[in-house]
Amino acid sequence: MKNSLGRVFLILLTLLHVEIFASTYEWSASANKTTAYVNEAIYLTYTCRFSDRAELYAIDFNPVADNEDYTLHILSETERIIDNKRVNIYEFVVFVKKAKEINFQFDTTMKKTTKESIENTVIGRDNKEYEDFTLKKIKQKSIKIDIQPSEKELVGDFMVEVKKDKSHVKEYEPFHLHIKIKGSGNFQAIKPIEFKIDGVKVFASNVIKNIQLTKDGYSGSWSQKFAFVANEDFKIPELSIEYFNLAKEKIENLVVSATKVEVAKGYVKKELLDEVDSGFKINYDYFYYLLTFIAGYLLAKIKISNYKSNAPDIFLQKIENANSMDELLMILALD
């Protein structure tokens, strides 16, 4: 019985060992289109499916992010266990910069370790901590896409929203304008807007982008605020931003209509200041307080007992006999 149990345990251990080390994998790659325009978003998906949980495998897959032909962005990277089998999925969004036939074929490195290496690293057996990998470099499936010229750098599907004040303001009162572009596409191609109007001071905010990467490119909004200050009527010129509409496959315009702003005369001085009483009255009480302060200061500095003077004795006698501050001030003033 013991021998039978031992054989069964040995067989199970052998099968488990074989299963762990017999992991196989298969890569697949796809794109959501075979033709695209310059600066149009291209969605690429790469999937690696293993025959089991593949605990001993690691994947090093980092395609070039930017070069002279295209810009590549990572959309997502996931690892799942489906039906006890490991699945790795990599999603990318690419924007091609030139009209040409482009071939995407990325390199990937499969890193495989051993059970003993894991035990040495995790358990620290024999006081050794190291990882032993075998590396295998593979080339992904080739994906060819024909890139057509788009005529405009800005590509996608957009709309514009405009918010502005009433077109009547007072002199030097700011007139506010808010421009927001919404939709999907390569928002990076939208440049900050500048207005130059003679006799008008223009204040522009920083551009605010509220966007996120999707399969169709960047989606969200782009906005900028302005304040115009002047002392006479002025006109904000029409603004037109050209872009290539992917859905209609033609050039369209995002238009902000011209705005004429009427400036009324501002507040005059009489409206801003309270009326001042032209009559001027002198309050002599303030002179009394001033003389009192000066006298107090002099008394603090002069030592009467040590005072040496050629003044008549009667003057000194008057100072010593003064019974109040008012009486002393009168004596000093007369002197």
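How many bridges join β2 to strand β10, and in which sense do the two strands run? Three bridges join β2 to β10 (residues 143-148), and the two strands run parallel. Two strands are said to pair if DSSP finds at least two bridges between them. Strands of a sheet pair through backbone hydrogen bonds, either parallel or antiparallel.

The structure is a predicted model, in which local features need pLDDT of at least 70 and side-chain atom pairs count only at pLDDT 80 or more, while totals for chains, interfaces and linings use all residues. Residues are numbered from 1 along each chain as its sequence is written, and side-chain values use heavy atoms, with hydrogens and water left out.

The chain as a whole may be considered next. The chain has six helices and 20 strands; helices (H or I, at least four residues) and strands (E, at least two) are DSSP runs, numbered from the N terminus. Of the 335 residues in the chain, 32% are buried. Buried means under 20% relative accessible area, exposed means over 50%, and partly exposed lies in between (1.4 Å probe, protein chains only). The chain exposes about 23200 Å², of which carbon and sulfur atoms supply 52%; accessible areas come from the Shrake-Rupley method with a 1.4 Å probe, and for residues only the protein chains shown count as cover. Contact means heavy atoms within 4.5 Å. Among contacts between residues at least 6 apart in sequence, 69% join residues at least 24 apart.

The pairing of β2 with β10 belongs to an open sheet of three strands, with the order β2-β10-β7 and mixed pairing. The edge strands are β2 (35-37) and β7 (101-104), each of which pairs on one side only. From one strand to the next, the twist averages 35°; axes are lines fitted to C-alpha atoms, for helices over the stretch in contact, and angles run from 0 to 180 degrees between N-to-C directions. Thr35 stands opposite Asp146 in β10.

The loop between β2 and β3 (41-50) holds Glu40, and Asn39 also has its place in the loop between β2 and β3. Glu40 counts as buried because its relative accessibility is 11%. A polar atom of the Glu40 side chain lies 2.7 Å from the backbone nitrogen of Tyr37. A polar contact is a pair of N or O atoms within 3.5 Å; within protein, one must be able to donate a hydrogen and the other to accept it, and residues adjacent in sequence count only if both atoms are side-chain atoms. Not counting residues up to four places away in sequence, Glu40 touches Lys33, Val94, Phe95, Val96, Val155 and Leu246. Asn39 is buried because its relative accessible area is 17%. The Asn39 side chain reaches the backbone oxygen of Glu153 at 3.0 Å. With neighbours within four places in sequence left aside, the contacts of Asn39 include Phe95, Val96 and Asn186.

Another strand to follow is β20 (residues 259-264). Thr259, Val261 and Val263 form the covered face of β20, whereas Lys260, Glu262 and Ala264 form the uncovered one. Strand β12 (residues 168-170) pairs with β20 in the parallel sense over three bridges, and Val169 stands opposite Val263 in β20. Strand β17 (residues 234-236) pairs with β20 in the antiparallel sense, over three bridges. Phe234 has Val261 as its bridge partner in β20.

The loop between β20 and α3 (269-272) contains Gly266. At 19% relative accessibility, Gly266 counts as buried. Gly266 and Asn231 are 35 residues apart in sequence, and their C-alpha atoms are 8.2 Å apart in space.
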